[in-house]
Structure formats: C-alpha cells, structure tokens
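Please consult the sequence and the structure shown here alongside the text.

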Amino acid sequence: MALTLNQKVYKNQPIMKKLFLILLVATGSIISKPATAQVSVNINIGSQPAWGPVGYDYVEYYYLPDIEVYYYVPRHQYVYLSNGRWIFATSLPGRYRSYNLYSGYKVVINEPRPYLHFTTHRVTYAKYKGNNGRQVIIKNSNNPKYYVVKGHPKYNGGGNNGNGNANGGGNGKGNGGGKGKGKKG
C-alpha cells in the first residue's frame with residue numbers, strides 16, 4: 001500500500017513535534033541562568049552602646065533630644081553644634097557633664113548626616129525631652145543577642161553570634177571635660 005504525500009507528512013508530525021520540544025527545552029536550559037536571591041542585612045548590635053535602646057539590630061545615629069546632640073554609632077562619636085559648627089568628638093562637651101546617657105531618651109535615626117536636618121529633628125522630637133527612664137536600654141535587656149555589647153552585665157567578650165564586632169562605645173556619662181574641639185563634619 002503506497003502512502004500519498006499528505007499521508008507521509010501527517011505520519012511524521014508527532015516525531016517533528018517531539019524534536020521541536022526537545023530542542024526548545026535544551027535551548028532554554030542553556031540560555032537561562034539560575035535564579036539568585038540577593039539579601040543584604042545590616043547588623044551592628046555589637047557596636048551599639050550599652051545605653052542604647054533595645055529593639056534595633058542596626059543603628060546609624062541616636063538623637064538625644066534632652067541635650068540636642070547626635071551620637072554616631074559606627075565611629076562612637078558625639079555630634080553637637082558649637083558656635084555654628086558641627087563638632088565630632090569621642091566625648092560630650094563639659095556643659096553636658098551631668099547628663100545621664102542611660103536614662104535619657106534616645107531616638108534612632110538611620111539616615112546619612114541627620115544633623116543636617118537638625119531644625120526638623122529639634123521640633124519633631126522635642127516631645128521626648130524629659131522622658132527619662134522610659135526606654136528599655138541594652139544594658140538592662142535579658143535578650144542574649146545583646147550580650148555582645150561591651151558594658152552589658154552578661155557581656156560575652158565579643159563572641160559575636162554573627163551580630164557585630166562587640167567593640168562597645170559610650171561611657172555612661174559622656175565623660176565631660178570636652179573643650180568643643182574635634183573633627184569637623
């Protein structure tokens with residue numbers, strides 16, 4: 001029995017479909033890249049001072065509304081206005097010698113150079129002035145993630161648990177005695 005041309009074409013169609021699908025899958029697997037997820041997590045718990053408030057895995061600055069000063073966590077520096085200039089210093093100036101960092105209210109600000117928005121922060125956070133002792137601080141926390149903070153009663157010597165470098169910072173009372181000189185920001 002002889003097949004006509006139309007019958008031959010229809011007979012080979014399933015084979016052609018299979019070949020086309022195989023080529024399509026092979027080409028797709030060669031061309032496509034595996035999907036990758038990029039996750040970026042910033043954690044600096046070990047760099048935060050013991051007087052910092054709990055609840056933040058990452059902090060760039062604290063604003064201290066009682067004394068209108070910023071604290072830059074990565075460099076452990078206070079940033080304050082003196083004679084119209086922003087001063088960066090490792091201790092508070094003498095005028096804040098009696099200020100207690102452990103009881104004063106701290107506002108977390110995670111933005112670059114927040115002191116450039118000081119006028120706004122001064123108004124926005126004025127309501128927190130005098131709220132002494134109304135925040136749980138790292139030193140008083142029983143959460144093990146804070147044990148990497150130097151100054152915590154259960155400080156584990158920097159066994160970082162993946163949470164930072166445990167180099168602490170801050171001294172509780174600002175150390176006072178500053179002469180208002182420091183690195184210019």
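## Strand pairing

Tyr70 has Val79 in β3 as its bridge partner. This belongs to the antiparallel pairing of β2 with strand β3 (residues 77-82), which extends over three bridges; two strands are said to pair if DSSP finds at least two bridges between them. Strands here are DSSP runs of E with at least two residues, helices are runs of H or I with at least four residues, and both are numbered from the N terminus. Four residues separate the strands in the hairpin of β2 and β3, where His76 takes a positive phi near 55°.

Strand β1 (residues 61-64) also pairs with β2 in the antiparallel sense, over four bridges. Within this pairing, Tyr62 stands opposite Tyr71 in β2. The hairpin of β1 and β2 has four residues between the strands, and Glu68 takes a positive phi near 55° there.

## Basis of the model

The model is predicted: local features need pLDDT of at least 70 and side-chain atom pairs count only at pLDDT 80 or more, whereas totals for chains, interfaces and linings use all residues. Residues are numbered from 1 along each chain as its sequence is written, and side-chain values use heavy atoms, with hydrogens and water left out.

## Overall composition

The chain contains two helices and six strands, in the order α-β-β-β-β-β-α-β from the N terminus. Of its 185 residues, 37% are buried, that is, under 20% relative accessible area with a 1.4 Å probe and protein chains only. The exposed surface comes to about 11800 Å², of which carbon and sulfur atoms supply 53%; areas follow the Shrake-Rupley method with a 1.4 Å probe.

Among contacts with a separation of 6 or more, 64% join residues 24 or more positions apart. Contact denotes heavy atoms within 4.5 Å.

The largest nonpolar core has 17 residues, and Tyr62, Leu64, Val69 and Tyr78 have the most contacts inside it. Such a core is a set of buried Ala, Val, Leu, Ile, Met, Phe, Trp, Tyr and Cys residues joined through side-chain atoms within 4.5 Å. Two or more residues of this core come from each of β1, β2, β3 and β4 (85-89). A second, separate core of 13 residues includes Tyr61, Phe88, Tyr105 and Tyr125.

## The loop between α2 and β6

Ser141 lies in the loop between α2 (118-124) and β6 (183-184). Ser141 counts as buried because its relative accessibility is 9%. A polar atom of the Ser141 side chain lies 3.0 Å from the backbone nitrogen of Asn143; a polar contact is a pair of N or O atoms within 3.5 Å, and within protein one must be able to donate a hydrogen and the other to accept it, while residues adjacent in sequence count only if both atoms are side-chain atoms. Beyond neighbours within four places in sequence, Ser141 is in contact with Val54, Tyr146, Tyr147 and His152.

Gln135 is also found in the loop between α2 and β6, and is buried, with a relative accessible area of 19%. Its side chain reaches the backbone oxygen of Lys106 at 2.8 Å. Apart from neighbours within four places in sequence, Gln135 is in contact with Pro53, Gly104, Tyr105 and Lys106.

How values were computed: Buried means under 20% relative accessible area, exposed over 50%, partly exposed in between (1.4 Å probe, protein chains only).
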